[in-house]
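Hi there,

Here is the structure I promised to pass on.

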Amino acid sequence: MKDILIIQPPASFDNSRPVLPQTAVGIGMLTIMAYIKEFGFQGEVIHIPRALSDGYTLEGVFERIKNANPKLIAIGLNWLHFSDGALQLASILRKMLPNTTIVVGGQHA
């Protein structure tokens, strides 16, 4: 079980080829996770677009999230073009993990 997952959504689950690249892992998420771990929390960053570009399936990513059984999921929204994906992901995760706290954060949240 993980305490916290920080998840980067795709720009949209309906569009696999967005105009802007989306596979770079932001240093902000990694920094936040490193800080959280200093206080004894267990967690990880899951970057969905990067995982898909590395050959993982969406089903596999969702299975990993479900198996982590986190207490908190934080969805990153630092760029406006990820808005659809962030809201879609929150909806999917709410159905998958109904008792988990889900927040969306970032400059465009």
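What follows is a short tour, from the whole chain down to single residues.

First, the ground rules. This is a predicted model, in which local features need pLDDT of at least 70 and side-chain atom pairs count only at pLDDT 80 or more, while totals for chains, interfaces and linings use all residues. Residues are numbered from 1 along each chain as its sequence is written, and side-chain values use heavy atoms, with hydrogens and water left out.

**The whole chain**

The protein chain has four helices and four strands; helices (H or I, at least four residues) and strands (E, at least two) are DSSP runs, numbered from the N terminus. Read from the N terminus on, the order is β-α-β-α-α-β-α-β. The radius of gyration is 13 Å, close to the 13 Å that the globule rule gives for 109 residues, so the chain is as compact as a globular protein of that length. That radius is taken over C-alpha atoms, and the rule is 2.2 Å times the number of residues to the power 0.38. Along the principal axes, the C-alpha atoms fill a box of roughly 40 × 25 × 25 Å.

Buried residues make up 38% of the 109. Here buried means under 20% relative accessible area, exposed over 50%, and partly exposed in between (1.4 Å probe, protein chains only). Of the contacts between residues at least 6 apart in sequence, 79% join residues at least 24 apart, where contact means heavy atoms within 4.5 Å.

The axes of α3 (residues 58-68) and α4 (residues 83-96) come within 11 Å and cross at roughly 50°. Axes are lines fitted to C-alpha atoms, for helices over the stretch in contact, and angles run from 0 to 180 degrees between N-to-C directions. The two helices are therefore oblique to each other: angles under 35 degrees count as roughly parallel, over 145 as roughly antiparallel, 65 to 115 as roughly perpendicular and the rest as oblique.

Which residues make the contact? On α3 they are Phe-62, Ile-65 and Lys-66, and on α4 they are Leu-89, Ile-92, Leu-93 and Met-96. They divide into six nonpolar, no polar and one charged. Ala, Val, Leu, Ile, Met, Phe, Trp, Tyr, Cys and Pro count as nonpolar, Asp, Glu, Lys and Arg as charged, and the others, Gly among them, as polar.

Asn-69 is in the loop between α3 and β3. Its phi is near 45°, a positive value in a residue other than glycine, and Asn-69 is partly exposed at 40% relative accessible area.

Pro-70 is in the loop between α3 and β3 (72-76) too, but counts as buried at 3%. Leaving aside neighbours within four places in sequence, Pro-70 is in contact with Lys-2, Asp-3, Leu-5, Ile-65, Leu-97 and Thr-100.

Thr-100 is in the loop between α4 and β4 (101-105) and is buried at 6% relative accessibility. Not counting residues up to four places away, Thr-100 touches Pro-70, Lys-71, Leu-72, Ile-73 and Arg-94.

**One more loop residue**

Ser-12 lies in the loop between β1 (4-8) and α1 (27-37) and is buried at 14%. Ser-12 and His-81 are 69 residues apart in sequence and 8.5 Å apart in space, C-alpha to C-alpha.

Best wishes
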